[in-house]
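Please look at the structure shown below and follow it from the relation of its chains down to single peptide bonds.

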2 protein chains.
Amino acid sequence: MRKIFFTVGPTERHPKLDAFIRDALRCNIVSISHRGEEFSEIYRHAVESLRKLLGVPKNFHVFFLGSATEAMERIIENSVERRSVHFVNGAFSKRFYVTAVELRKKAMKIEAARGASFDFSKTTIPRDAELIALTHNETATGVSLSMSDVYALRKKHPNVLIALDIVSSAPYVRVDYRYVDCAFFSVQKGFGLPSGLGVLFVNERCIEKANVLSRKKVNIGSFHNYPSLLASEAKLQTPETPNVLGMYLLGRVADDYLATGIERIRKETEQKAKLLYDFFDSHPDFASFVKDRTARSSTVIVAEAKRGSRAPLALLARNGIIAGPGYGEFAGRHIRIGNFPMHRLSDMKRIIRVLS
Amino acid sequence: MRKIFFTVGPTERHPKLDAFIRDALRCNIVSISHRGEEFSEIYRHAVESLRKLLGVPKNFHVFFLGSATEAMERIIENSVERRSVHFVNGAFSKRFYVTAVELRKKAMKIEAARGASFDFSKTTIPRDAELIALTHNETATGVSLSMSDVYALRKKHPNVLIALDIVSSAPYVRVDYRYVDCAFFSVQKGFGLPSGLGVLFVNERCIEKANVLSRKKVNIGSFHNYPSLLASEAKLQTPETPNVLGMYLLGRVADDYLATGIERIRKETEQKAKLLYDFFDSHPDFASFVKDRTARSSTVIVAEAKRGSRAPLALLARNGIIAGPGYGEFAGRHIRIGNFPMHRLSDMKRIIRVLS
């Protein structure tokens, strides 16, 4: 029986991945020089398709890193001399906060209960904050921030940089890049690609801040600091030999999503999410973990399993459906289902049939 | 006509790469969780095969990073509070030095002319040196250090950590790990794999130093600092979602090399290198760039092209042979040929036939 992965990332691979990899091998993508024109064309193509797909404007640079976790490190290194502020409501937003602590910054966290969003009207951002770190979609708990709350923060604190983790919500999430300064994701979730590639968008304000820090002799990292990434980007190159295959595949998948149409992908994502949430809310053995409907993620659907998640996960697995267990403290109590463009409505109906 | 890449990395892919990738796709390697047993088995397998192939003893940890360039950064961050010493004789050894400068260390460089090795007997290592950084095989110029010189340094400075870049010499190079503290490579050279994965071996002395620095509140990085990598390694995991496909493929290629036998690979590498050097030394239009025979790399063969390298490189390309141009200042004057296990003796004879 063919397995389908509904895990939240790595997840089911893009249905055309195998064909794209065959193309890559046929065209010697794994052998070409990362200092040559063929590579620059791959870089240019991936960037252009991503800009189109995600609406990333020209005043943002597109940098390629090893992972989204690395993106957190590079953002802190290049944007914060002393103080960052982190909205923490799960393991991944916490990882961003811990990154800043490890990098010896005066990091501050504003916490919300697991499974809940924040009351932004009641939060105070300290005067010396240089960066506000937000996790749009908390992969551990399935809580999504409202983008209007994010934009309101930026309007209220126009001089503070806003960093947005869209790891498990891209390409679904609609971001107005006028109101954030950097955003990042990795490719093994919504793009259904092999892991090992992170993408970071940064605007000129971020570059400027990195330059200020550098002039102050603050340690902003080495090969992947913004000035270094920027100098390479100008040549359509990367400072190191990057994951060329990953960049090629990302361009191909972005093209495929463009052909489908991002609005159709968004609509279908919401339809599939509604189906699952409605099921979990109406079944006696389950309940949606996120109670506030406006905070429910469309791409990571988390259900409480009232009799424990071991049996339902095993039942799904016997039917070829691999879903995720609860994260950390919720292992054994939650079911987490990734709802990405690769997952079809009929697949979601099958999950419901099996669990019914 | 099928192209063969003799570039120094990325280079010709391993002849079984396509089959290994097909296996990976069939086994859902790109979809499995990086927190599950299947991934841990991939990790364990890659590490065990690499240890066997390269003779890396048990007191060394094996960490997976995004690139060899990242390895340089992590080594400096985790091993140096103030002072590192770098032997610089080309662009890649210089990159290691620049990394330390960028990370705000008091980095010192000991230079040799491009194309030459160092007179180790005449070099003075300052008393406050914490790390000596050595590039075994300078990919830019084709100069190899003698390993006995490396070991002598360690014996003379037993309290200084020795870092060895084996990026373009692994798996050929024979390292006695009693006399170095860390070593690193990337997979797109001697392993013929897609780029996007670096491997770092570190011993307990390095771990201890990182812990000392951490206790002193020195910034040793975040998710990829040694304590974090070590904690993940204990679970056969990585801190972030890594390049799982790359790790799987590395294990497979290491197994393939083990089946061939590392001694046979070494012997064949030397035979192929001798063939090329003898040809370049005897042909009126060419000369080996590295004059000192004991300093000539067996894996990166660099020739001066007396009438310029543009025409011979184009001639090779018309025959399906992609060789490398000179690096940096030597563009247009050098031919660089990667001599890795994927490159057969018959391929080298073809290069010679075409250039004759």
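By what turn, and with what shift along the axis, can chain A be laid on chain B? The turn is 180° and the shift along the axis is 0.0 Å, with an RMSD of 0.0 Å, where copies are superposed by least squares on the C-alpha atoms of residues with pLDDT of at least 70 in both. That is the relation of a two-fold axis. Of the residues of chain A, A:G66 comes closest to this rotation axis, its C-alpha lying at 2.7 Å.

This is a predicted model, in which local features need pLDDT of at least 70 and side-chain atom pairs count only at pLDDT 80 or more, while totals for chains, interfaces and linings use all residues. Residues are numbered from 1 along each chain as its sequence is written, and chains are lettered from A and ligands numbered from 1 in the order in which they are written.

The contact between the chains takes 43 residues from chain A and 43 residues from chain B, two residues being in contact if their C-beta atoms, placed from the backbone, lie within 7 Å. The side of chain A that touches chain B receives at least two residues from each of α1 (17–26), α3 (68–79), α4 (91–102) and α8 (244–260) of chain A; helices (H or I, at least four residues) and strands (E, at least two) are DSSP runs, numbered from the N terminus. By residue type, this side of chain A divides into 13 nonpolar, 20 polar and 10 charged residues, with Ala, Val, Leu, Ile, Met, Phe, Trp, Tyr, Cys and Pro counted as nonpolar, Asp, Glu, Lys and Arg as charged, and the others, Gly among them, as polar.

Within chain A, the domain assignment, which is automatic or taken from a database, gives domain 1 (4–12 + 261–355) and domain 2 (17–258). The centres of these two domains of chain A, taken over C-alpha atoms, are separated by 26 Å. Their contact takes 28 residues from domain 1 of chain A and 23 residues from domain 2 of chain A. On the side of domain 1 of chain A that touches domain 2 of chain A, α9 (262–282), β12 (300–305) and β15 (334–338) of chain A each supply at least two residues, and α9(A) gives the most, with 4 residues.

In chain B, 7 strands form an open sheet of mixed pairing in the order β2-β10-β9-β8-β5-β3-β4, where two strands pair if DSSP finds at least two bridges between them. Its edge strands are β2 (60–65) and β4 (106–111) of chain B, each of which pairs on one side only. Helix α4 (residues 91–102) of chain B packs on the sheet, touching β3 (83–88), β4, β5 (131–135) and β8 (161–165) of chain B, and its direction makes about 160° with that of β3(B); axes here are lines fitted to C-alpha atoms, for helices over the stretch in contact, and angles run from 0 to 180 degrees between N-to-C directions. Helix α6 (residues 204–215) of chain B also packs on the sheet, touching β8, β9 and β10 of chain B, with its direction at about 85° to that of β10(B).

Some backbone details of chain A remain. A cis peptide bond, with omega of about -5°, joins A:G9 and A:P10, and A:P10 is placed in the loop between β1 (4–5) and α1 of chain A. Another cis peptide bond joins A:A170 and A:P171, with omega of about 5°, and A:P171 is found in the loop between β8 (161–165) and β9 (182–186) of chain A.
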